[in-house]
Amino acid sequence: MVETHKYPPTPDGRYFVVDGRLWRTSNPALAPARRQELVQQLMDARRQVGRAKRAGDATAERDARAAVDAAKQALGERGPMWWTDGAPDYNRRMVKNTPYAAWYAALPDSPRP
């Protein structure tokens, strides 16, 4: 039986795919407690973005978005790549335009162009 994922991870574990676009995964070298702490900070910051938007507070929204970015960078999802083998970063690129295209096209539930 072939295992399928709603958001399939790439074979190297660096990305997952959503609607044909690659998104960088968190750094797997993070200690579980640290990862959980950062995820909590990220979720708190996302809630702050929502509150600021509902309140129409542009300054609070800008600050909350900066907190989201800081948490995502600390998780390794943005900013410097967490891998060290020199491979380029394809974060936010369409998978069909990357070296992962053939892998993705071969997935059982992969959308066809």
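Among what covers the buried residues of helix 1 is helix 2, which runs over residues 58-75; here a residue is called buried when its relative accessible area is under 20%, exposed when that area is over 50%, and partly exposed in between, with a 1.4 Å probe and protein chains only. The structure is a predicted model, in which local features need pLDDT of at least 70 and side-chain atom pairs count only at pLDDT 80 or more, whereas totals for chains, interfaces and linings use all residues. Residues are numbered from 1 along each chain as its sequence is written, and side-chain values use heavy atoms, with hydrogens and water left out.

Along its principal axes, the C-alpha trace of the protein chain spans about 45 × 30 × 30 Å. Of the 113 residues in the protein chain, 31% count as buried. Among the contacts of the protein chain with a separation of 6 or more, 57% come from residues 24 or more positions apart, where contact means heavy atoms within 4.5 Å.

The accessible surface of the protein chain is about 7,500 Å², and 54% of that surface belongs to carbon and sulfur atoms; the areas come from the Shrake-Rupley method with a 1.4 Å probe, and for residues only the protein chains shown count as cover. The protein chain carries 19 positive and 13 negative charges, whose mean positions are 4 Å apart. In that count Lys and Arg are positive and Asp and Glu negative, while His and the chain ends are not counted, and the place of each charge is taken as NZ of Lys, CZ of Arg, CG of Asp or CD of Glu.

Helix 1 can now be followed along its length. It covers residues 32-55, 24 residues in total, and reaches 35 Å from its first C-alpha to its last, close to the 34 Å expected at 1.5 Å a residue; the expected span is 1.5 Å times one less than the number of residues. The buried residues of helix 1 are Leu 38, Leu 42, Ala 45, Val 49, Gly 50 and Ala 52. Just after helix 1 comes Gly 56, which takes a positive phi of about 70 degrees.

With its neighbours within four places in sequence left aside, Lys 53 is in contact with Glu 61 and Arg 65. Lys 53 and Ala 64 are 11 residues apart in sequence and 10.0 Å apart in space, C-alpha to C-alpha, while Arg 47 and Ala 64 are 17 residues apart in sequence and 8.5 Å apart in space, again C-alpha to C-alpha.

Charged pairs make up the next topic. Side chains of opposite charge can pair when their charged atoms come close. A search of the whole structure finds 7 salt bridges, a salt bridge being a side-chain nitrogen of Lys or Arg within 4 Å of a carboxyl oxygen of Asp or Glu.

In one of these, Arg 47 pairs with Asp 44, with the closest N and O atoms 2.3 Å apart. Both Arg 47 and Asp 44 lie in helix 1, 3 residues apart, which is about one turn of the helix. Arg 47 is partly exposed at 41% relative accessibility, and Asp 44 is also partly exposed, with a relative accessible area of 30%. In another salt bridge, Arg 34 pairs with Glu 37, and the closest N and O atoms are 2.8 Å apart. Arg 34 and Glu 37 likewise both lie in helix 1, 3 residues apart. An α-helix has 3.6 residues a turn, so residues three or four places apart point the same way.

A further salt bridge joins Arg 14 to Asp 85, whose closest N and O atoms are 2.5 Å apart. Arg 14 lies in the segment before strand 1 (15-18) and Asp 85 in the loop between helix 2 and helix 3 (101-105), so this pair ties together parts that are 71 residues apart in sequence. Arg 14 is buried, with a relative accessible area of 11%, whereas Asp 85 is exposed, with a relative accessible area of 53%. Beyond its neighbours within four places in sequence, Arg 14 has contacts that include Trp 23, Trp 82, Trp 83 and Tyr 100.

Note on methods. Helices (H or I, at least four residues) and strands (E, at least two) are DSSP runs, numbered from the N terminus.
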